[in-house]
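Hello,

Here is the structure I promised to pass on. My notes follow below it.

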Amino acid sequence: MAAPTMDRSTTAAPATPVQTLTISKALNMGLRAAMEANPKVIMMGEDIGKLGGVFRITDGLQKDFGEQRVLDTPLAESGIIGTAVGLAIRGYRPVCEIQFDGFIFPGFDQIVSQVAKLHYRTQGKIKMPIVIRVPFGGGIGAVEHHSESPESYFAHTAGLKVVSCSNPADAYWMIQQAIDCDDPVLFFEPKRRYYEKGEVDTTAKPGPLFASRVLRSGDKATLVAYGPMVRTALDAATAAAEDGNALEVIDLRSLSPLDLAPVYESVRRTGRLVVVSEAPSESSIASEIAAKVQQECFYSLQAPVLRVTGFDTPYPPSKLEEEFLPDLDRVLHAVDRSLAW
């Protein structure tokens, strides 16, 4: 039997600008858009080419853009980052994938010693437009070194920008904005949220990259979160509303620089703040937020700033991770403590 032929007279309907996508698909589309817009954008990482990455974020990109622009690298994070430094010096905009968060540490020296410092030390003559994508956080039942929250290391390092998306629309736009940035950007992706869906308008005008955003308004207390904990904070606000407590939820989005102006404004109205993060609380982004809010909003606070975080221990085996990660009950308990103060 002859194979059916395509009716070339049929014109495909134009793609709608508003689509319902997963975070993983939104990232894929954002990377594709960046590569189409600029031939100097290059992808590098372990198994990102033919396989499309462990989480399939780069699926189809090597097929469409070729092996010279989507490179499967050896299992050597220091080599990936070091090569990216050389490419950036020569005018390229490399996007490096770290396969899992715990794998970033072999490349730590390159990131903090070279990537973070070259732009400053050369007084701007050498730019470092490198994006380092990092699937981070727990909740997927992975083995050791596959579930970490290392963002505080990099937020602490001068010269690096650090951001984290929490929904498909931000994933699509923020990855493109990060690639356009002339500073190095650590781009943290909440791996357990990769397959959550949301609407993405590919024709919208995105807001600034390094800015936080109020996702839900309220007047009883303020919840601040980022990455995988934004969904937990929103769920907590929904649950609290059933008891008549309207919680304001703010997605930080940018971890370095921190955009705390919306947080200050919110806390001055609510008088209460709960910060939620998967990372341990000691010397963390959560503790920095608590310190700055106490400094700037001291006379508005009606209760101490409370933190709901991972514990100050090494990440536990997967059977115990649900005991380690902040959940709805722990967040609501902190809210109740704050309201009862």
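The largest pocket holds about 540 Å³ of space. For pockets, a 1 Å grid is laid over the protein atoms alone; a pocket is an open set of points where a 1.4 Å probe fits, with protein on both sides within 12 Å along at least five of seven lines. Grid points are joined across faces, edges and corners, and the volume is the space filled by probe spheres set on the points.

This is a predicted model: local features need pLDDT of at least 70, side-chain atom pairs count only at pLDDT 80 or more, and totals for chains, interfaces and linings use all residues. Residues are numbered from 1 along each chain as its sequence is written, and side-chain values use heavy atoms, without hydrogens and water.

Back to the pocket. Its lining has 26 residues (each with an atom within 4 Å of a point). E148, S149, P280, T313 and Y315 lie nearest the centre. Helices (H or I, at least four residues) and strands (E, at least two) are DSSP runs, numbered from the N terminus. By type, the lining has twelve nonpolar, nine polar and five charged residues. Here Ala, Val, Leu, Ile, Met, Phe, Trp, Tyr, Cys and Pro are nonpolar, Asp, Glu, Lys and Arg are charged, and the others, Gly among them, are polar.

β13 also belongs to an open, mixed sheet of five strands, ordered β9-β11-β10-β13-β14. β9 (213–216) and β14 (306–310) have a single partner strand each, so one side of each lacks a neighbour in the sheet. Strands pair if DSSP finds at least two bridges between them. β13 (residues 273–280) runs parallel to β14, with four bridges. V275 stands opposite R307 in β14.

A second open, mixed sheet has seven strands: β3-β2-β4-β5-β7-β6-β12. β3 (70–72) and β12 (254–256) are its edges. Six bridges join β5 (residues 131–136) to β7 (residues 185–190), in parallel. V134 stands opposite F188 in β7. Helix α7 (residues 168–180) packs on this sheet, touching β2, β4, β5, β6 (161–164) and β7. Contact means heavy atoms within 4.5 Å.

Last, confidence. pLDDT is the predictor's confidence in each residue, from 0 to 100. The chain averages 94, and 96% of the residues score at least 70. Residues 1–14 stay under 50, with zero contacts beyond four places in sequence.

Best wishes

Terms used. Axes are lines fitted to C-alpha atoms, for helices over the stretch in contact, and angles run from 0 to 180 degrees between N-to-C directions.
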